[in-house]
Amino acid sequence: MYNEVKNKFYEVNSPNNYKRINANHPIDIYLGLNENLKKSLVIIAEGEYEEPQSSRLIVVSISKREDEKVALSFDLLDNSFDDLFYRFCADILESTIESVSKNIIPFIVTRWYDWISLFKNPNDNLLSESEIKGLIGELYFLNEYMFKKYGYEKSLNSWMGPEMSHKDFEINKEWYEIKTINDNALSVKISSLEQLDSNIVGNLVIIKVEQNNQEVENTVSLNSYVNKIKGKLPSNLIYLFEKKLLTVKYFYNTDYNKYIYSIRSLSFYNVKDNFPKIKSDNLSRGIVKVNYEILLSEINEFKVVGDNNEFGGI
């Protein structure tokens, strides 16, 4: 869909020139250039919605047409960010391709608000290598453990990492904090006090990975693993999954294909009262932020042995 969007913009070269993206798409969606020769996405549909919020790079406007339909437009102000704009347009097309609702405008506006933070900080969009590795670990745990134990919908709703919550997964008074580290690492970093501090016994899940030079059997890249999960989810849950990915600033980018990993091991550790951790009630007054590292050799006694450590692989 991205290439289709990109090619469609190449076809227009004059002001107020728009082309319908696809004759088979259920929604009237047009790509083109506005009167100021700025790249533009326009949706024509029934429905009403109050004026949406714009960003520094995207002007969003909505108006009523003579035929009583609504025209919702997204105009890109800076062409140096056209790649991100193409991806936004492609996402709108893909997320509405099976739409049967006449009142699609609120859905598209809501979708825009999922994207708006990316356009507010366009120079800080790509994930760092450590963020890529961490997200792969969370997705691996989601796919290989949570889906099997709790099903798709409950698992996705329990994934709190994208919500910037204290724990990565919280469900049924259980919690799991996921840490993805290199296979030869001797310690694991705890980046905030809240990650392991809880009155409820929880789980520290350590996933060890090794970086590879190319994607072969039993290896994974971020893009390929996202597609794998999307391929198994019911269609009604794909939007929820994509929304959570956008919250952590993930959208498909070929740069992510160069980060390829093998999953070497996955281990559960019960985080009990005597687990080596820093607790909030032990802090001196005035300390507001804590991060620390735990030696793996010192938590072997807390390692869970059994079914929890047996996974089906990538």
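In strand β7, W175 is the bridge partner of E170. This is a predicted model, in which local features need pLDDT of at least 70, side-chain atom pairs count only at pLDDT 80 or more, and totals for chains, interfaces and linings use all residues. Residues are numbered from 1 along each chain as its sequence is written, and side-chain values use heavy atoms, with hydrogens and water left out.

**The whole protein**

The protein has seven helices and 12 strands. Both kinds of element are DSSP runs, numbered from the N terminus: helices are H or I with at least four residues, strands are E with at least two. The C-alpha trace spans about 70 × 50 × 35 Å along its principal axes. Of the 314 residues, 47% count as buried. Buried means under 20% relative accessible area, exposed means over 50%, and partly exposed lies in between (1.4 Å probe, protein chains only). Take the contacts with a separation of 6 or more: residues 24 or more positions apart account for 68% of them. A contact means heavy atoms within 4.5 Å.

**The sheet around β7**

Return to the pair that opened this report. Strand β6 (residues 169-171) and β7 run antiparallel and share three bridges. Two strands pair if DSSP finds at least two bridges between them. The hairpin of β6 and β7 has two residues between the strands, and N172 there takes a positive phi near 50 degrees.

β7 also pairs with strand β9 (residues 202-212), this time in the parallel sense, over seven bridges. In β9, V205 is the bridge partner of I178. Further along, I181 stands opposite K208.

These strands belong to an open sheet of five, in the order β6-β7-β9-β11-β10, with mixed pairing. Its edge strands are β6 and β10 (220-221), each pairing on one side only. Helix α4 packs on this sheet and touches β6, β7, β9, β10 and β11 (260-271). The direction of α4 makes about 135 degrees with that of β7. Such axes are lines fitted to C-alpha atoms, for helices over the stretch in contact, and angles run from 0 to 180 degrees between N-to-C directions.

Why is β7 largely enclosed by the rest of the structure? Seven of the nine residues of β7 (residues 174-182) are buried, so the strand is largely enclosed.

**The other sheet**

A second open sheet of five strands has the order β1-β2-β3-β5-β4, with antiparallel pairing. Its edge strands are β1 (17-20) and β4 (58-64), each pairing on one side only. From one strand to the next, the twist averages 20 degrees. Within this sheet, β2 (residues 28-33) and β3 (residues 39-45) pair antiparallel over six bridges. In β3, S40 is the bridge partner of G32.

Helix α1 (residues 2-10) packs on the sheet, touches β1, β2 and β3, and makes about 50 degrees with the direction of β2. Helix α3 (residues 105-120) packs on the sheet as well, touching β3, β4 and β5 (70-76). The direction of α3 makes about 15 degrees with that of β5.

**Two pockets**

A pocket is found on a 1 Å grid over the protein atoms alone: it is an open set of points where a 1.4 Å probe fits, with protein on both sides within 12 Å along at least five of seven lines, and lining residues have an atom within 4 Å of a point. Grid points are joined across faces, edges and corners, and a volume is the space filled by probe spheres set on the points.

| Largest pocket | about 970 Å³ | G134, E138, K179, S191 and Q195 |

The largest pocket is lined by 31 residues. Helix α4 gives the most to this lining, with six residues. The lining divides into nine nonpolar, 11 polar and 11 charged residues. Here Ala, Val, Leu, Ile, Met, Phe, Trp, Tyr, Cys and Pro count as nonpolar, Asp, Glu, Lys and Arg as charged, and the others, Gly among them, as polar.

**Helix α7**

Helix α7 (235-247) is among the elements that supply at least two residues to the lining of the second largest pocket. In α7, L237, F241, E242, K244, L245 and L246 are buried. Their cover includes α2, α3, α4, α5 (152-158) and α6. After α7 comes K249, with a positive phi near 70 degrees.
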